[in-house]
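Take each exercise slowly, try it yourself, and then follow the solution.

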Protein chains: 2
Amino acid sequence: MAPEVISQKPSTPRVAIAIAPRELELFFQGPTGGPKRLRDLLLGARIFDPSSPRTDWNEWLRSEPPEILVTAWSTPLIPVDLPGLRYVCHVCGSVRRTVPRALIEHGVLVSNWGDNASEGLAEAALLLALSALRRSHYFANLMHRLRKWTSIPVGTKTLYRRSVGIHGFGRAARKLVKLLAPFHVRISAYSERVPSQFFLDAGVEQCASLDELFSRSEVLFEMEALTPATELVVTERLLRLLPPDAAFVNVARGALVDEIAATRLAAEGKIRLALDVYAKEPLSEDSPLRDLPEVTLFPHIGSPTDDRLYQCGDFALANLGRYLRREPLMAVVSLDVYDRST
Amino acid sequence: MAPEVISQKPSTPRVAIAIAPRELELFFQGPTGGPKRLRDLLLGARIFDPSSPRTDWNEWLRSEPPEILVTAWSTPLIPVDLPGLRYVCHVCGSVRRTVPRALIEHGVLVSNWGDNASEGLAEAALLLALSALRRSHYFANLMHRLRKWTSIPVGTKTLYRRSVGIHGFGRAARKLVKLLAPFHVRISAYSERVPSQFFLDAGVEQCASLDELFSRSEVLFEMEALTPATELVVTERLLRLLPPDAAFVNVARGALVDEIAATRLAAEGKIRLALDVYAKEPLSEDSPLRDLPEVTLFPHIGSPTDDRLYQCGDFALANLGRYLRREPLMAVVSLDVYDRST
C-alpha cells in the first residue's frame, strides 16, 4: 500500500478527529510511517480529546461541524442531527457506541477496521480453549498466589481429536478453523445468518440447531454476533446440553449468554469456562466469576493485540485517502452490517 | 491394536508392579478396556505401593525377584544388583529416577511411553507461548486476585507472522512445527544432535549456532534434551541475545537454563517468560518467579494430559504382550536414548 498524503487544502473537506491521545499513539505510531501520514492528515484537522473533561463534546462538534469525523473506542456518541457530516471513519470495530443507526439511515458513510481483528480474535479463542483444558488460571493461582505445587492427577485435557463446535461463523471463526486444523479436531458450527456454502468451503459440518451443536461439542466457541435475535440465546438449558466437563469459550459478547447460569455450571464443575467478554463490562468487582480459580478470565482483550493496532490505523488512513479521492471505501458499515454487529 | 490377554500361567515369568494406586487408575482406567487387561496381567503379579510407607522397597523386591517390573513416576530407584530382572516396563517417559544406567549396561531391557507424550508437550508449548504474548497469568492476577479491569494499551502481542526459534528438535518439537504452521511464522531451530535432514523435512531453517537462533527468535521454545553437554547451556549472555520483549518458553528441563538470569531478565521486562519446568522441582515456595505476575508458571504439566494417560497404559500393556510373545519391544530405552533423555 503506497503512503497516502492527505493535506488540508482549502478545497478539501473539514476533518475532525475525536480520539484520545493514548489511542492516537496506539493506532498511528506503527512501523509503517503512520505518524508522518497522520501529521499530514492533522494539518488542518481539529482534535477533540475524549479523555479530557474540559471541552463539551456537542458544543465542540457544532462550533465547526466536520464533513469527516475520525473516531475510536473513546469517542462519545455522535448526535444524529449534525449538519454537513458525510463520513465517519471509525478506526476500531464496534460502531454502536459511537454511531447512532439513524446516521447511516440518513446517508452518512461509516467504515471500521474490517477484517483487521479476525486473526487476533481467533488467536485469543484458541488460547482460551487451551487454557480451560489445561487449567491455566487455576495453576496461575496455585503457583503465584498459593505458592504451591501439584501432584497427579492434574486435571488436564488435550484439544487434540476433540469434537469442537463454533456458534457463529464470521471471519474470526473461519480463521479459527485454520488454527484448529493441526489438532485433528472434528468441527461443527451453527449460525442462522450464514449461507451453507461458507461451512462447506471451510470443511466444517453445519448443525441443524443450536441444541445439536451444544450436545456434540466438547469445546464450544461462542463467536456469534449480538443482535436482538441472539441476545441471551445461550440459556442454562443449552449449556447443560454440553457434554460433561466441556469447555465453553466466549470471545464474542457477554450478552449472548446467561452469565449467571454459566457461572453456576462452572462452580458445579459441569463445564470449564474461559471468558473474554461479560454481560456487563468492566466486570464488576464482586462478580462471583472472580472467585472461581478454575475459570479463565481475560478483560476483553480478544481484539487485535497492541502490536497490530497500527494496521488498523493504516487501514483508516487508506480509507480516508479513498474518501478524498472519491474512491469506494473498504469495510463500509451498512445498515445490514450495523444490525449484525456487536 | 487388538487387546492383549496376559495370563500368569506357571510357565510365564514373574511380574511385579511398583506403581501407586492413583497412577494405576490414571494409566489403566481408560476407555479401551485397560482395567480388564490389567486384571489379566495382575492375576499373578505382585503389587508394591510406593505411596504407602509400610513396606521396604528393597526387601520387597528381593523377597521374590521379578523378571518383569512395571514402573511409573512414583516407583523408587531400582537396585543395580537385582537378580533375574530382565525387563523394566516404564509406563511414563523419564526413566532416570527409576532405572540406574548400570541396569541397561547389564542387558536389562527398558521401555517407556515413546511418542505418546509429544502431542501433549507441543500443545503445552503453544499454550505457554500464546499466554506469554497475551499476558495470560498477569490477567489472571488482575481479574481474580486484584478484582480489577484494564484499559488500553493492554500490552498484548500476536504470534502471527513472528520469527520463532526452537532449541532442540525431537518428536515434540516436530509436532509443534505443525501447530505453528497456520500462524504463518518463520521457524528456525538448533540442536547439535539432530541430523540436518530432520530440519529440511520439517521445512525449518537450521541455525549454525545457538547465538544465531537466540538472536533472531521473537519467540524461543526451549525443547532440548538435558545431558551433561546441555546443562545450563542457556546462559544469561544467550538470553540477552533475544530481541527485546521476546517470549522464552521452557517445556524441556529447568536445568538447561540459568534460572536466576531468566528471572532477572523477566523482572527487568526484557523477556516474557513462560515456564513449565524449573531448576529444582517442586519449585520452592519462596522462588522469586512466584512474585512476578507477568510470568506464566505451570507446575510441570507439559506431559500427556490426564485424559490421554490411558494411551500410555495401553502402550505399556502392548509392550508387555510383546515381551511375553518374544516380539521386539516398542520405545526401547537404549544407552544412547538414556543418555539423551531428560
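Predicted model: local features only at pLDDT ≥ 70, side-chain atom pairs only at ≥ 80, totals over all residues.

Residues are numbered from 1 along each chain as its sequence is written, chains are lettered from A and ligands numbered from 1 in the order in which they are written, and side-chain values use heavy atoms, with hydrogens and water left out.

**Exercise 1.** Find how H5(A) and H7(A) are oriented to each other.

Step 1: Locate the helices (DSSP runs of H or I, at least four residues, numbered from the N terminus). H5 of chain A covers residues 118-134, and H7 of chain A covers residues 171-180.

Step 2: Look at the axes (lines fitted to C-alpha atoms over the stretch in contact, with angles from 0 to 180 degrees between N-to-C directions). They come within 8 Å and cross at roughly 55°.

Step 3: Classify the angle: under 35 degrees is roughly parallel, over 145 roughly antiparallel, 65 to 115 roughly perpendicular, and the rest oblique. H5(A) and H7(A) are therefore oblique to each other.

Step 4: Check which residues touch (contact means heavy atoms within 4.5 Å). Among them are Leu121(A) and Ala125(A) of H5(A), and Leu176(A) and Leu179(A) of H7(A).

**Exercise 2.** Work out how H5(A) meets H5(B).

Step 1: The axes of H5(A) and H5(B) come within 10 Å and cross at roughly 125°. The two helices are therefore oblique to each other.

Step 2: Now list the contact. Gly120, Leu127 and Arg134 are among the residues that take part in both chain A and chain B.

Step 3: Sort by class (Ala, Val, Leu, Ile, Met, Phe, Trp, Tyr, Cys and Pro are nonpolar; Asp, Glu, Lys and Arg charged; the others, Gly among them, polar). The contact of H5(A) with H5(B) has eight nonpolar, four polar and four charged residues.

**Exercise 3.** Describe the relation between chain A and chain B, and the contact between them.

Step 1: Superpose the copies (least squares on the C-alpha atoms of residues with pLDDT of at least 70 in both). A rotation of 180° with 0.0 Å of shift along its axis places chain B on chain A, with an RMSD of 0.1 Å. That is the relation of a two-fold axis.

Step 2: Count the residues. Chain B gives 66 residues to the contact, and chain A gives 66 residues.
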